[in-house]
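Okay, thanks for making time, everyone. Let me put the model up, and then I'll walk you through a few parts of it.

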Amino acid sequence: MARKLETVANGDFTPTVVVKNFIGGEEREAKAGERFESVSASHRVDVVGSVPLSSAADVEEACRVAGAAAASWAATPAPVRGAIIGRIGEAIVQYKELLSRVVCREIGKSMRESRGEVQEAIDTAHFFQAEGRRLYGQTVNSEMPNKELFTYRRPLGVAAMITAGNFPMAVPSWKILPALLCGNTVVWKPSEDAPVIAYLFGRIMEDARVPAGVLNIVHGSGAGGAGAAVLECVDKGLIQKVSFTGSTEVGRKVGEVCGRNLQIPSLELGGKNPLVVLRDADLDVAVEGALFSGYGTAGQRCTSLGNLILDKPIAAEFKKRLLARISEIQIGDVTQGEDMLYGPMINERFGNNFLKHLDMGKEDGATLLTTQHGRITNENKPANFVGDADAGFYVFPTLWDGVTADMKLAQTEVFGPVITVMEVDGIDEAIEAANCAPYGLSSACYTMNPTHILKFKNGIRAGMTSINNTTNGAEAHLPFGGCGWSGNGTRESGVWVIDAYTRWHAVNEDLAGKLQLAQIDVDFGDTHEPTDMSALD
Ligand code: NAD
């Protein structure tokens, strides 16, 4: 590496990292010279990074630079682009522990999950390194002699990425690595919640010798800031593809802008993910699955469990076991140990939104099964809490009972550690309840009955389904994405994402030496005599 990452950050309480934009192969300040601070979610006095607050002028410059670099990058052979992606993967392996510690420090994700997050970027790099040697087109038979047909995957041009902060390494890698591999140049507006990890990821890509102008990173805010400026650049014709991960509300705005420019954005949005437990399930396995997917990462995953749908015969026992496990959860400062199930809310906005859902549940008439609620403070905290509760925004895990499909609680993504219990009678009612929310990202069903498994797989409306596993758990070579309010049907990961960053180009090559017309000059060997159908009467 040209400059070792250790000189910039060591993952612990280093001096504040001075983040820069990255445009045209150079580190740059925002033109207006403004900056904002990224503070640690666990210790809000710990300033992890000082970050450029970019304006529309910075974003536009990055788009123009990316546009200028597009032709030569598209002309670079795909195996060579793949080799660069491979070097990015090697560097992430080398810096896995450091990067994991920065994820943990900046957004408050447990070290165990932070390492998983970074590993997903490694897996993605390895996958797309090899894809550089495939990126196949097809040879297609022509209906005429001396004519050959081919299809080619062509890059789209400048691909802009806008990402959320809860998966600051994995999700950007899902977008940036395949977009680059496919021959697009990139402008990335990372989340303002995780700019330091974005900066380090950018440094790794720079050091892997991604050519100048091919990858550009512009930091800043969303509405009224760099994020909004990205969308303005779509209207200005400077961007040919937008890939967005974030809330459904902002995703709709991205969709509107791209739609009027006749572009298909990739939209990976919110979720209200159902987890069904049927009467023939292994309850211990299902309780652990519900606990991890409902409360892990403080419920701040797009694939977090929302509606827990319990089959009546096992409902009481399941709730009893789940409550017992909730009482054992360890919450706290994830920078202080490895045993915490979850740490702080990533930011105040998420914390305050979570608190608001308590009123929503009361208005709905649902029943709280957990006894302590709201914000955890040093005066009011679980006995086994680790660290200084007032230094971050920590909240109690919440379990609601008596929830029905028509309640706001069942319909709304809360994005925090909350599970809402609905009771049903059998597989058919379970599927109906699981489909009650307008989202359709992930889903899970615990059962040992193969007929119920088949029914669930066929009946559930979701982009992803787990059988006897949690609502989480993406793998780098499986398609990731949702339907309904969770997205527009585009997919990340694996070979499927390649469709998002390429367009098909059909080419016909005629060597006949004369004009020959498809459909018209084709000899199918038929006589053109009408067939006598009278014998059929
Ligand atoms: P958000 O939509 O507020 O912000 C996401 C990104 O969009 C940030 O970079 C932000 O700066 C930018 N942004 C915000 N407003 C904008 C605007 N008007 N114009 C342009 N850009 C704008 O999302 P969030 O609340 O920070 O993240 C949590 C949400 O993300 C949840 O709904 C979660 O489910 C979702 N999410 C989805 C996935 C997925 O793959 N489906 C993954 C992670 C998170």
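Before the sheet, one bit of bookkeeping: I call two strands paired if DSSP finds at least two bridges between them. Helices (H or I, at least four residues) and strands (E, at least two) are DSSP runs, numbered from the N terminus. Keep in mind that this is a predicted model, so local features need pLDDT of at least 70 and side-chain atom pairs count only at pLDDT 80 or more, while totals for chains, interfaces and linings use all residues. Residues are numbered from 1 along each chain as its sequence is written, and side-chain values use heavy atoms, with hydrogens and water left out.

Now look at E13. E13 and E14 pair in the parallel sense over 4 bridges, and Val277 stands opposite Leu310 in E14. Is E13 buried or exposed? 5 of its 5 residues are buried, so the strand is largely enclosed by the rest of the structure. By buried I mean under 20% relative accessible area, with exposed over 50% and partly exposed in between (1.4 Å probe, protein chains only). Asn273, Leu275 and Val277 point one way, Pro274 and Val276 the other.

On to charges. A salt bridge here is a side-chain nitrogen of Lys or Arg within 4 Å of a carboxyl oxygen of Asp or Glu, and by that rule the count comes to 27. One of them is back in H10: Arg325 and Glu328 meet at 2.7 Å, N to O, and they are 3 residues apart, about one helical turn. Arg325 itself is partly exposed at 26%. Another one is Asp499 with Arg153, at 3.0 Å. Why bring that pair up? Asp499 lies in helix H15 and Arg153 in strand E7 (residues 147-155), so the pair ties together parts that are 346 residues apart in sequence. Asp499 is partly exposed at 47%, whereas Arg153 is buried at 19%.

Last stop: the loop between strand E23 (483-484) and helix H15 (498-501), where you'll find Val495. Val495 is partly exposed, at 41%. Together with Leu478 and Trp496, Val495 forms a nonpolar surface patch with about 290 Å² of accessible area. Patches are made of residues with over 30% relative accessible area and no salt bridge, joining like charges within 9 Å and nonpolar side chains (Val, Leu, Ile, Met, Phe, Trp, Tyr) within 5 Å. The areas come from the Shrake-Rupley method with a 1.4 Å probe, and for residues only the protein chains shown count as cover.

Ser493 lies in that loop too, but Ser493 is buried, at 2%. What is Ser493 in contact with, leaving aside its neighbours within four places in sequence? The list is Trp174, Glu475, Ala476, Leu478, Pro479 and Phe480, where contact means heavy atoms within 4.5 Å.
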